[in-house]
Amino acid sequence: MHILLKNVKVIAPSSPFHGQQKDISIQNGIIQQVGDHLEDARATVISGENLHVSAGWMDIFAHFCDPGLEHKEDLYTGVKAAATGGYTTVMVVPNTQPALHTKPQIEYVLSKTRHAAATVLPIGAVTKNLEGTGLAEMYEMQQNGAVAFSDGLKPLQSPGLMLKALQYIKAFDGTLIQLPDDQSISAHGLMHEGIYSTQLGMPGKPALAEELIIQRDLELAKYTDSRIHITGVSTRKSIELIAAAKADGIKVTCSVTPYHLSLTDGQLVNYDSNLKVNPPLRSADDVKAIQEAIVHGTVDCFATHHVPQEWDAKQVEFEYAKNGMIGLESSFGVIRHYLPQLPLEQHIAMLTEKPRAIFKQPQPEIRDGAAANLTIFDPAATWEFTAGHIASRSKNSAYIGTSLKGKVIATVNGPIFHINK
């Protein structure tokens, strides 16, 4: 396999070619040469106006539903969705059937995706069967490829169990991921508790349900001196709590979703079930705070929270619709469109270097002789996101029909080349 990238701008601060227009020759998954005016008669040539290249992007929280829920997504369609969205590495949550809570389940995911367009890294469950009662065999899973630990879409509710888990993962310097939601407070809520929930007559989920869990888990992380990553952060107070904890030396990192930085609870007036997510869409003030925190560096990286739901799970009354939205294919365009004040270099760092640093993954290099792990994109292209751009098995996106900015052209992950049509 020969690929030749022509006149692409390199966005990779650690590379000596950062900021330069270069040609990149790739053969059989290896970067042969980064230079000028390169030629290869056998190569597939990628060229065009305003092409950029960076290290391959990484997502840290997606649901591929395999095993057990393949009618929503499977590992094959999930990988295709990831590559379409520019991702060469994806961490997948353990909320499958059976859950990713033992060594064989971790090995199943790794074996089925070993030679794929996107490297799939399983997140091991913290508790057995995601039941929230007893710890799973985290050390054994870690030894066999689990990259982090979380109960994924089922936030850990017990402070005692969270304490034990944080102590347990210290043995191998692991990281625990928490989706912040106190379900004893938010259990019956359908959307953010505020003026719109009152107007629409829907029970609300107070911001307090998120903020209490964050406050609690920060105290536990401080007590144990262990690593915690909080994902799906969605309120101003949550951001303030995390910023203060970082300043205090607590080992905390955080991520936000594309939809929490771009959409508000006010957009639920049409009862669009694709907007039913957890944590819920928040107020305009919260969205502003999230955007400011991203630009100022409080937020470490992005997480798509790609949660596929089949047609029947969404085309029902809002009350009965399942939570979740797909996000891999639209993520880059959404962030570029709704957060134009975010410098491109910072945006790319939040997709490449930062998530890999948090979860101790090797950093791809753009240099002669390095393994090719690349995303090729046009950060300025404007386009309308349609169902035709979705590679996922499910189509539950609120962005269909929306004009986005920034388009993925192709990815290279070792010998696997994916190009968007």
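## Legends to close-up views

Asp36 has a relative accessibility of 45% and counts as partly exposed (buried is under 20% relative accessible area, exposed over 50%, partly exposed in between; 1.4 Å probe, protein chains only). The model is predicted, so local features need pLDDT of at least 70 and side-chain atom pairs count only at pLDDT 80 or more, while totals for chains, interfaces and linings use all residues. Residues are numbered from 1 along each chain as its sequence is written, and side-chain values use heavy atoms, with hydrogens and water left out.

**View A. Salt bridge between Lys22 and Asp36.** The side chains meet at 3.3 Å, N to O. Lys22 belongs to strand β2 (residues 21-27) and Asp36 to the loop between β3 (30-35) and β4 (44-46), so the contact ties together parts 14 residues apart in sequence. Helices (H or I, at least four residues) and strands (E, at least two) are DSSP runs numbered from the N terminus. Lys22, at 11% relative accessibility, is buried. A salt bridge is a side-chain nitrogen of Lys or Arg within 4 Å of a carboxyl oxygen of Asp or Glu; the structure holds 16 of them.

**View B. Salt bridges of Asp66 and Lys72.** Asp66 meets Lys112 at 3.6 Å, N to O. This pair links distant parts of the chain, with Lys112 in helix α2 (residues 103-112) and Asp66 in the loop between β6 and α1, 46 residues apart. Asp66 is buried, at 3% relative accessible area. Lys72 and Glu310 form a salt bridge of 2.7 Å, N to O. Glu310 lies in the loop between β15 (301-302) and α10 (311-314) and Lys72 in the loop between β6 and α1, so parts 238 residues apart in sequence are tied together. Glu310 is partly exposed at 22% relative accessibility, whereas Lys72 is buried at 9%. Elsewhere, salt bridges with shared partners join Lys6, Asp23 and Glu39 into one network.

**View C. Aromatic pairs.** The whole structure contains eight aromatic pairs (rings of Phe, Tyr and Trp, the last by its six-membered ring, with centres within 6.5 Å; planes under 30 degrees apart are stacked, over 60 edge-to-face, the rest tilted). Trp57 and Phe332 have ring centres 4.6 Å apart and planes at 40°, so their pair is tilted. Trp57 is in strand β6 (residues 57-62) and Phe332 in helix α11, so the pair ties together parts 275 residues apart in sequence. Both Trp57 and Phe332 are buried. Another tilted pair is Phe149 with Phe172, at 5.8 Å centre to centre and 55° between the planes. Ring pairs also link Trp57, Tyr87, Phe332 and Phe377 into a cluster.

**View D. The largest pocket and the second largest pocket.** The largest pocket holds about 750 Å³ of space. Its lining comprises 33 residues, with Leu153, Asn278, Gln309, Lys322 and Asn323 nearest the centre. The second largest pocket has a volume of about 290 Å³. Its 17 lining residues include Thr84, Gly388, His389, Asn420 and Lys421, the closest to its centre. β17 gives the most to this lining of the second largest pocket, with three residues. A pocket is an open set of points on a 1 Å grid over the protein atoms alone where a 1.4 Å probe fits, with protein on both sides within 12 Å along at least five of seven lines; lining residues have an atom within 4 Å of a point. Grid points are joined across faces, edges and corners, and a volume is the space filled by probe spheres set on the points.
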